[in-house]
Amino acid sequence: MLRTFLLFFSSLMIISIIVGVGCLYAIYTFGRGLPDYTQLADYEPPVMTRVQAGDGRLLVEYAIQQRVFVPISAMPKMLVKAFLSAEDKNFYYHPGIDPVGIMRAVLINVKNFAQGRRLVGASTITQQVAKNFLLTSDVTLKRKIKEAILAFRIERTLSKKRILELYLNEIYLGFGSYGVATAALNYFNKSLDNLTISEAAFLAALPKAPNNYNPLKNSSGARARRDWVIGRMLEDEAITFEEARQARAKPLYVRSRDNTEYVQAKYFAEEVRQELVKRYGEKKLYKGGLSVRTTLNPDYQRIAYRALRDGLEAYDRRHGWRGPLAQVELNQDWLSQLVSIKPPTAIGDWHISVVREILEEKTKIGLDDGSLGVIPFKELKWARKWLKGENLGPSVKKPGDVLSVGDIILVDKVTGEKEDNATKEVNYSLQQIPEIEGALLAIDPHTGRVLAMVGGYDYEKSQFNRSVHARRQPGSAFKPFVYLVALDKGFTPSSLILDAPFVIDQGPGLPKWRPANYTKKFYGPSTMRLGIEKSRNLMTVRLAQTIGIESIAQYAHNFGIVDQLPRQLSMALGAGETTLLRLTAAYAMLVNGGKRIKPTLIDRIQDRHGQTVFKHDNRFCPKCQSSFWTNQPVPKFAETREILTDPGSAFQMVSMLEGVIERGTGRRIREIGKPLAGKTGTTNGSLDTWFLGFSPDLAVGVFAGFDTPRSLGKREQGASVAAPIFRAFMADALSDKPAIPFRIPPNIRLVRVNSTSGQPARPGDRRVILEAFKSGTVPQGKQEVLDGTNLAEFVPLTSSFGTEGLY
């Protein structure tokens with residue numbers, strides 16, 4: 001008996017030594033060159049970046065994996081218990097691998113193998129973390145050994161809570177869900193806090209094979225697996241018998257995740273994306289979990305989008321019909337013919353349709369949804385044939401002058417008209433996508449925050465952002481900065497400048513430069529105010545020659561319009577290229593009193609931990625951090641913005657631009673009935689049109705023109721193309737705002753003057769306005785007329801800008 005015991009004990013010792021040596025050999029062999037497991041201590045899973053509008057509404061999300069990271073402390077205990085029961089009941093007791101679980105799996109697998117059933121695994125949660133984060137998913141013995149070694153090491157480095165946190169936020173659970181928080185949304189449209197026991201158990205049933213337990217494809221299998229997890233939870237005393245019974249009784253329903261509501265501002269969002277990539281790189285953008293609060297005002301953005309589209313479409317209609325999208329030989333199956341035509345991008349809410357029959361007073365059409373409709377003749381009258389040079393063909397006398405049977409066209413439902421009960425036909429209007437492009441920007445003039453940005457007619461048609469990247473000549477929209485230089489040099493709005501022919505010798509071999517007014521007329525001595533209100537080119541050139549192109553170039557640089565303006569006199573008429581963003585910001589600096597602002601699309605950026613890593617407004621304000629209001633005064637900020645011009649000069653310029661809308665080239669905007677100021681701009685040959693303007697607290701810029709520059713038409717100018725867009729935006733944006741007057745600085749006096757002579761008004765004068773003068777500059781007696789003969793400065797020019805005026 002003793003001999004038998006000694007033999008057994010010796011054999012056991014030998015086997016133990018062999019196993020121990022084997023384990024040491026395996027650890028030595030497979031433990032070398034393993035990934036650095038210590039990185040898991042600081043591991044941060046890839047989390048989406050969320051970009052929000054100024055009111056907190058979601059603008060866009062950037063992510064490679066749809067994941068929401070939730071700290072273990074914020075996860076419901078019931079959910080954690082469900083995963084522990086299903087995946088690793090001894091998680092809090094084993095050192096990384098579970099010997100009891102391994103033995104149980106061996107016994108079960110012997111039985112399953114004999115019965116031809118699927119084998120079960122014994123990986124702990126720690127082993128799964130090692131596999132998911134540090135190893136591949138190869139089903140090999142070598143990988144399992146490495147997994148076990150890493151599991152031991154991870155347990156010595158990380159706390160159990162940290163391991164569980166990594167696991168629950170990393171595990172793939174099907175439906176494109178990485179982590180339990182995303183899975184709860186995708187399967188049940190719920191946050192983790194709102195999950196029931198039944199739903200938590202189902203999520204815990206998924207890690208082994210999420211595709212096998214897809215409730216839409218394998219409802220019975222998914223439910224059986226869920227019930228198995230509920231049984232394990234009952235066995236582990238995580239839930240009561242009654243809770244288990246009720247959980248099993250519940251059906252397993254998948255609820256589609258609510259569609260996320262996004263603010264529509266694609267041009268703006270893309271500019272934000274590019275700025276984030278520039279600051280942090282693409283990896284941080286798509287995986288870093290940034291929280292970005294932008295400056296966008298969704299209401300202004302919606303108004304801007306509609307105003308620009310309507311304005312470009314209105315211009316396009318004025319210049320005729322360019323023909324149908326396509327033409328087909330119509331047969332009985334017209335719907336099949338129609339749906340075979342790929343609709344163009346940028347059609348918005350319009351429909352693609354086919355002309356079925358042309359009658360005397362209407363045209364019958366079929367739409368892409370199979371419905372029928374008609375286009376009344378009155379909705380076709382605009383569609384005169386487009387001719388080269390933006391000219392029009394003969395007037396439309398009948399529908400057949402515009403359309404033919406089989407034409408594929410775009411239509412829009414006519415609002416306000418009822419369906420014909422007899423024919424069930426609905427009235428539609430003929431539409432076409434404009435060739436002209438444009439942009440609109442709205443900026444807070446006090447902070448530089450970009451409140452609205454539309455960079456083109458439609459983002460799907462063209463992703464090029466014309467508000468930021470299109471460099472075009474501003475034409476007369478640049479003139480206010482020429483006049484601002486003069487105001488800072490001692491001129492007043494009543495200073496007289498000669499409006500008469502002006503000729504400059506450009507040098508040997510070059511023709512003489514003869515600028516002209518848009519009207520081709522001359523008006524004699526006129527006030528500076530009139531020169532701006534009527535956009536007089538000859539007055540502007542004379543003034544520029546007097547004050548010096550060097551000073552004008554310096555102001556263009558200071559206001560951010562053009563970094564290096566060529567020292568050529570024609571630049572005073574807006575021949576230097578700039579962007580809408582730069583020019584709108586420059587106008588904003590006029591209305592804010594001449595203080596420098598930097599346009600920004602982003603208010604604040606926070607990292608995944610909620611720490612602010614960027615803030616646009618860096619003003620120091622210790623009293624702004626008060627937790628309670630105890631009748632203390634509103635804190636005041638120290639003014640840190642750079643002063644670019646005399647505040648009195650800035651207000652004088654604002655007052656003169658207010659006259660542009662009251663009496664000048666922008667007078668069609670006057671009907672809004674609010675204090676507004678602005679300036680039109682049109683380049684030679686009507687290639688580009690602009691309107692830049694502002695209210696006391698909102699600066700807006702509009703540009704319109706063809707991407708490949710060509711004339712917009714003989715009669716088109718900033719007042720006819722860009723100004724109506726500005727008017728539509730301001731009318732809607734300011735509809736619920738009080739009429740706030742422009743703020744007057746302390747050194748300004750308002751004096752009643754004769755608008756023609758600029759002299760203080762006398763009894764009986766008819767054309768009297770209030771003029772803004774700095775203290776001590778009110779004109780007394782006869783004024784000298786600036787005619788340019790008192791200076792002989794030679795300013796080199798180039799002949800590439802032509803001889804036409806810029807209006």
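Buried means under 20% relative accessible area, exposed over 50% and partly exposed in between, with a 1.4 Å probe and protein chains only. The model on screen is predicted, so local features need pLDDT of at least 70 and side-chain atom pairs pLDDT 80 or more, while totals for chains, interfaces and linings use all residues. Residue numbers start from 1 along each chain as its sequence is written, and side-chain values use heavy atoms, without hydrogens or water.

**Stop 1: salt bridges**

Select Lys398. Lys398 is partly exposed, at a relative accessible area of 47%. Its salt-bridge partner is Asp401, with the closest N and O atoms 3.0 Å apart. A salt bridge here is a side-chain nitrogen of Lys or Arg within 4 Å of a carboxyl oxygen of Asp or Glu. Asp401 is also partly exposed, at 38% relative accessibility.

Next, select Arg596 and Glu642. They form a salt bridge, and the closest N and O atoms are 2.8 Å apart. The pair links distant parts of the chain, 46 residues apart. Arg596 sits in the loop between helix 19 (580-591) and strand 16 (602-606); Glu642 sits in the loop between strand 17 (612-615) and helix 20 (647-663). Helices (H or I, at least four residues) and strands (E, at least two) are DSSP runs, numbered from the N terminus. Arg596 is partly exposed at 31%, and Glu642 is partly exposed at 44%.

Go to Arg226 and Asp227. Their salt bridge has its closest N and O atoms 2.9 Å apart. Both residues are buried.

Now show Asp316, Arg322, Glu390, Glu435 and Arg710 together. Salt bridges link them in a network. The whole structure holds 38 salt bridges.

**Stop 2: helix 15 against helix 19**

Show side chains: Pro480, Phe481 and Leu484 of helix 15 meet Leu583, Ala586, Tyr587 and Leu590 of helix 19. Contact means heavy atoms within 4.5 Å. By class, this contact has 7 nonpolar, no polar and no charged residues. Ala, Val, Leu, Ile, Met, Phe, Trp, Tyr, Cys and Pro count as nonpolar, Asp, Glu, Lys and Arg as charged, and the others, Gly among them, as polar.

**Stop 3: strand 10**

Select residues 407-413. This is strand 10, with 5 of its 7 residues buried. Strand 4 (residues 326-327) runs antiparallel to strand 10 and is joined to it by 2 bridges. Two strands pair if DSSP finds at least two bridges between them. Gln327 stands opposite Asp407. Strand 5 (residues 351-358) is also antiparallel to strand 10, with 4 bridges. There, Ser353 faces Ile409. Strand 11 (residues 426-431) pairs with strand 10 in the antiparallel sense over 4 bridges. Leu430 is the bridge partner of Val411.

**Stop 4**

Inspect strand 12 (residues 437-443) beside strand 20 (residues 698-705), where 7 bridges join the antiparallel strands. Leu441 stands opposite Gly701.
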